[in-house]
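Me: I have this one open now, could you walk me through how it is put together?

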Amino acid sequence: MKISTRGRYAIRVMIDLAEHNDGGYTAMREVAERQQISLKYLERILPVLVSAKLIEGIQGKGGGYRLTRKPEEYSIGEILVLTEGDLAPVACLSCKGKSCDRKYICKTLPMWKELSLLINNFFNNKTIADLVNQ
């Protein structure tokens, strides 16, 4: 499993919005500058976060984006599943993967399931607030 740039940047955007939360909206160009991420790339990530209602935005003067919940209410797992699809370490455990013909005799499947559980528990128990406060 490899976390893509999209997933890593989405987390960085969420952290930045949490750190600069004054109740108003933050211009995405400010986030792009602080995080050293191209605005063009952020424009592809933001609609995903908005459609999942993790952030909200308004257009025009004074516009920008802000979190819809408190930072401690966002798990990193939630963000990564949204941006990555799932966190399965092997294709046979992926929600998009085909069912494996060997699943009933596979000696390695229990190990992959255990790893998947560890990965999901780890990311689901980390929040944006945890990362902001470390």
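Me: What is the hand of the crossing where α2 passes α3?
Reply: The crossing of α2 past α3 is right-handed, a crossing being left-handed if the near helix is turned anticlockwise from the far one by less than a right angle, and right-handed if clockwise. This is a predicted model, in which local features need pLDDT of at least 70 and side-chain atom pairs count only at 80 or more, whereas totals for chains, interfaces and linings use all residues. Residues are numbered from 1 along each chain as its sequence is written, and side-chain values use heavy atoms, without hydrogens and water.

Me: At roughly what angle do α2 and α3 cross?
Reply: The axes of α2 (residues 28–35) and α3 (residues 39–51) cross at roughly 120 degrees and come within 10 Å, where axes are lines fitted to C-alpha atoms, for helices over the stretch in contact, and angles run from 0 to 180 degrees between N-to-C directions. That makes the pair oblique, given that under 35 degrees is roughly parallel, over 145 roughly antiparallel, 65 to 115 roughly perpendicular and the rest oblique.

Me: Which residues meet there?
Reply: Met28, Arg29, Val31 and Ala32 of α2 meet Leu39, Leu42 and Leu46 of α3, with contact meaning heavy atoms within 4.5 Å. By class, this contact has six nonpolar residues, no polar ones and one charged, with Ala, Val, Leu, Ile, Met, Phe, Trp, Tyr, Cys and Pro as nonpolar, Asp, Glu, Lys and Arg as charged, and the others, Gly among them, as polar.

Me: And how do α1 and α3 pack?
Reply: The axes of α1 and α3 lie 10 Å apart at an angle of about 75 degrees, and the two helices are therefore roughly perpendicular to each other. On the α1 side the contact is made by Thr5, Arg6, Tyr9, Ala10, Val13 and Met14, and on the α3 side by Tyr41, Leu42, Ile45, Leu46, Val48 and Leu49. These residues divide into ten nonpolar, one polar and one charged.

Me: Stepping back, what is the overall pattern?
Reply: Along the sequence the protein reads α-α-α-β-β-α-α-α, with six helices and two strands; helices (H or I, at least four residues) and strands (E, at least two) are DSSP runs, numbered from the N terminus. Taken along the principal axes, its C-alpha atoms fill a box of roughly 60 × 30 × 25 Å.

Me: How many residues are in the largest nonpolar core?
Reply: That core has 29 residues, and those with the most contacts inside it are Met14, Leu17, Leu42, Leu49, Ile55 and Ile128; such a core is a set of buried Ala, Val, Leu, Ile, Met, Phe, Trp, Tyr and Cys residues joined through side-chain atoms within 4.5 Å. The largest share, eight residues, comes from α1. Leaving aside neighbours within four places in sequence, Ile128 is in contact with Ile11, Met14, Ile15, Ala18, Pro71, Tyr74, Ile76 and Ile79.

Me: Is Thr83 buried or exposed?
Reply: Thr83, which lies in α4 (residues 76–84), is buried, because its relative accessible area is 10%; buried means under 20%, exposed over 50% and partly exposed in between, with a 1.4 Å probe and protein chains only. Beyond neighbours within four places in sequence, Thr83 is in contact with Arg6, Gly7 and Ala10.

Me: What about Asp130, how does its accessibility class come out?
Reply: Asp130, in α6 (residues 128–133), counts as partly exposed at 35% relative accessibility. Its C-alpha atom is separated by 11 Å from that of Ala18, 112 residues apart along the chain.
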